[in-house]
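Subject: Handing over the structure

Hello,

Here is the structure I promised to pass on to you. Please open it alongside this message, and I will walk you through what turned up.

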Amino acid sequence: MTVGTGAGLDTADMVLNIGPQHPSTHGVLRLKLKLDGERVVECEPIVGYMHRGAEKLFEVRDYRQIIMLANRHDWLSAFSNELGVALAVERLMGIEVPERATWLRMALAELNRALNHLMFLGSYPLEIGAITPMFYAFRERETLQAVMEEVSGGRIHYMFNRVGGLKEEVPAGWTKRVREAVAAVRRRLPDLDRLIRKNDIFMARTVGVGVLTAADAAAYGASGPVARASGLDFDVRRDEPYLYYDQLEFPVVTRQAGDCHSRFEVLLDQTYVSLDLVEACLDRVDRIGGPVNVRLPKVVKAPEGHTYAWTENPLGVNGYYLVSRGEKTPWRLKLRTASYANVQALATLIPGCLVPDLIAILGSMFFVVGDIDK
């Protein structure tokens, strides 16, 4: 496309690629951009560079093995990924999970949510030039990571969920150590908050930039912090409760502006809420005894049929559509992942922005590319 300048010179729109390997893409994502000077006029997200065929692999792995595969698509939310698959299989098999296991699952899921959010709270400012928040965020991550590692043996891929409950009972004194870790993080998190939330430079880069309207968020199927920052007041934990979330009261953090700063604020404030939920769940765990799993046959076979389970993962709504033909492997397990839907909105968000704002917008969408490509 050529554009006349009126001075006898013709210029051409520039086509620019961001990625497929770029620090702000959190994986192998490519954005094909068309520029008019410094302004982006068209954006095409191109995915598939990391595709691992997880959904086909599910069909040749038994119900114990698929948890390991599902663990990995959003590598910052491994426990939550496992949980969704376990819930779908348990629903199809009619398994009632012990009460203690359910409260422990909720505590671990909220710890995982806080860990996910802290990663982005550190990496997002880093992408637009602020180095110090990364050190604060990782200090808190390591504090929580220590108790997750103690209970599961893993730092990233926990593999602690099982069909029917959890792998094993938590170590003696673990709930006390979690409380101490949560208290330490809650005490120090305001350091990060004061450093970045109202920072003049950070606000200049994010306020009013990359506005996603509520209508566009809904049209693209966006969910989680990205959608709630645009005013979509929806949280599966409250609106379609699973586990025992209906027994707890907690605020759903929303904003109305829909810009980069609102998305960051939602993530930050949700971290405080998750810390509160961890403590509420541990209160129940300490009062309830009993097993943390149910005894399963040597070969687990789900009865013929289909079911759909969805969870409020750290990055948004994850859905698990499971179809069984009565065998020891799923006939089909379809993943509906949060990042895939959220990244679609970039095609609407980015056109019209300036190149310097591009990374600020991209980083604020809080996605993991493995969660897109599966």
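Which residues of strand β4 (residues 30-36) are on its covered face, and which are on its uncovered one? The covered face holds Leu31, Leu33 and Leu35, while Arg30, Lys32, Lys34 and Asp36 make up the uncovered face. In a regular strand, side chains alternate between the two faces of the sheet. Before we go on, please keep in mind that this is a predicted model.

β4 has a partner on either side of this story. Strand β3 (residues 14-18) pairs with β4 in the antiparallel sense, over 5 bridges. In that pairing, Asn17 stands opposite Lys32, a residue of β4. Strand β5 (residues 39-46) also pairs with β4 in the antiparallel sense, here over 7 bridges, and Pro45 of β5 stands opposite Leu31. If you follow the chain from β4 into β5, you will find a hairpin with 2 residues between the strands. Gly37 sits in that turn and has a positive phi of about 70°.

Next, have a look at helix α11 (residues 260-287). Its 28 residues reach 42 Å from the first C-alpha to the last, close to the 40 Å expected at 1.5 Å a residue. The helix is mostly covered, with 20 of the 28 residues buried.

The structure holds 10 aromatic pairs. One of them is Tyr124 with Phe202, an edge-to-face pair at 6.0 Å centre to centre, with 80° between the planes. Tyr124 lies in helix α4 and Phe202 in helix α7 (residues 200-206), so this pair ties together parts that are 78 residues apart in sequence. Both Tyr124 and Phe202 are buried. Another edge-to-face pair is formed by Tyr242 and Tyr245, at 5.3 Å centre to centre and 65° between the planes. Tyr242 has a relative accessible area of 7% and is buried; Tyr245 is buried too, at 2% relative accessibility. Ring pairs also link Phe120, Tyr124, Phe202, Phe264 and Phe366 into a cluster.

Is Asn318 buried or exposed? Asn318 counts as buried because its relative accessible area is 1%, and the cut-off for buried is under 20%. Its place is in strand β9 (residues 316-324). The side chain of Asn318 makes a polar contact of 3.3 Å with the side chain of Tyr320, and it also reaches the backbone nitrogen of Ala338 at 3.1 Å. Apart from neighbours within four places in sequence, the residues in contact with Asn318 include His73, Asn81, Trp310, Arg336 and Asp371.

Enjoy looking around!

Best wishes

Key:
Residues numbered from 1 in each chain as written. Heavy atoms only, no water. Buried < 20%, exposed > 50% of the residue type's maximum accessible area, 1.4 Å probe, protein only. Helix = DSSP H or I, 4+ residues; strand = E, 2+ residues; numbered from the N terminus. Pairing = 2+ DSSP bridges. Expected span 1.5 Å × (residues − 1). Polar contact = N/O pair within 3.5 Å; in protein donor to acceptor, adjacent residues only side chain to side chain. Contact = heavy atoms within 4.5 Å. Phe/Tyr/Trp six-rings, centres within 6.5 Å; stacked < 30°, edge-to-face > 60°.
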